[in-house]
Structure formats: structure tokens, C-alpha cells
Amino acid sequence: MNLGVFNATHMNQAVFSFRRYEDSSLSYTGIESHKGLRHYGLYDTVVAVDDDAIA
């Protein structure tokens, strides 16, 4: 991260998009990957989960 090889903004967006895709795919099959998950760890930051987006 300190070398600046990757664009942190783009990496955070990519990780977040993947996590949302992965979670919706798993929930479609009836699997909850992390019960009670309140935050997503991204590339170089953590964001809170929006309860309205999950429901």
C-alpha cells in the first residue's frame, strides 16, 4: 500500500463490489457467510453495513 502501486479508491470499490456479489450469491443459496456482520473490510478501510440495503 505504501508504494502507491494500486489506486486505493478503485481497489476499495472493487473489493466492496465483490463482497456484495459474494454475499448475495451465498444468501440466494441459503448461506449467510458472516451472521451479524456490521462492517466490511475493504482494501485500506472499513465501512459500516447499511441495514436497509440488506433487508
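**A close look at one part**

Tutor: Let's start with Val 15, which counts as partly exposed at 26% relative accessibility (buried means under 20% relative accessible area, exposed over 50%, and partly exposed in between, with a 1.4 Å probe and protein chains only). Before we go on, this is a predicted model, where local features need pLDDT of at least 70, side-chain atom pairs count only at pLDDT 80 or more, and totals for chains, interfaces and linings use all residues. Residues are numbered from 1 along each chain as its sequence is written, and side-chain values use heavy atoms, with hydrogens and water left out.

Back to Val 15, which sits in helix 1 (helices are DSSP runs of H or I with at least four residues, strands are E runs of at least two, both numbered from the N terminus). Leaving out residues up to four places away in sequence, Val 15 touches Gly 41, Leu 42 and Tyr 43, where contact means heavy atoms within 4.5 Å. Gly 41 is 26 residues along the chain from Val 15, yet the two C-alpha atoms are separated by 8.5 Å.

Asn 12 belongs to helix 1 too, and Leu 42 and Tyr 43 turn up again among its contacts, together with Asp 44 and Thr 45, with residues up to four places away in sequence again not counted. This asparagine is buried, at a relative accessible area of 13%. Its side chain also makes a polar contact of 2.7 Å with the side chain of Asp 44 (N or O atoms within 3.5 Å; within protein, one able to donate a hydrogen and the other to accept it, and sequence neighbours counting only if both atoms are side-chain atoms).

Now follow Tyr 43, because at 24% relative accessibility this tyrosine is partly exposed. Rings of Phe, Tyr and Trp (its six-membered ring) pair if their centres lie within 6.5 Å, with planes under 30 degrees apart called stacked, over 60 edge-to-face and the rest tilted. That rule gives one aromatic pair. The partners are Phe 6 and Tyr 43: their ring centres are 6.4 Å apart and their planes meet at 75 degrees, so the pair is edge-to-face. Phe 6 lies in the segment before helix 1, while Tyr 43 is in the loop between strand 1 (39–41) and strand 2 (46–48), so the pair ties together parts that are 37 residues apart in sequence.

Phe 6 itself is exposed, with a relative accessible area of 51%. Together with Leu 3 and Val 5, Phe 6 makes a nonpolar surface patch of about 390 Å². In such a patch, residues have over 30% relative accessible area and no salt bridge, and nonpolar side chains are joined within 5 Å. Leu 3 comes from the segment before helix 1 (8–28) and is exposed, at 78% relative accessible area.

One last stop is Val 49, in the loop between strand 2 and helix 2 (51–54). Val 49 counts as buried at 10% relative accessibility, and its C-alpha is 5.2 Å from that of His 39, ten residues away in sequence.

Now zoom out. The protein chain has two helices and two strands, in the pattern α-β-β-α along the sequence. Of its 55 residues, 11% count as buried. Among contacts with a separation of 6 or more, 46% come from residues 24 or more positions apart.

Methods. Patches are made of residues with over 30% relative accessible area and no salt bridge: like charges are joined within 9 Å, nonpolar side chains (Val, Leu, Ile, Met, Phe, Trp, Tyr) within 5 Å. Accessible areas come from the Shrake-Rupley method with a 1.4 Å probe; for residues, only the protein chains shown count as cover. A salt bridge is a side-chain nitrogen of Lys or Arg within 4 Å of a carboxyl oxygen of Asp or Glu.
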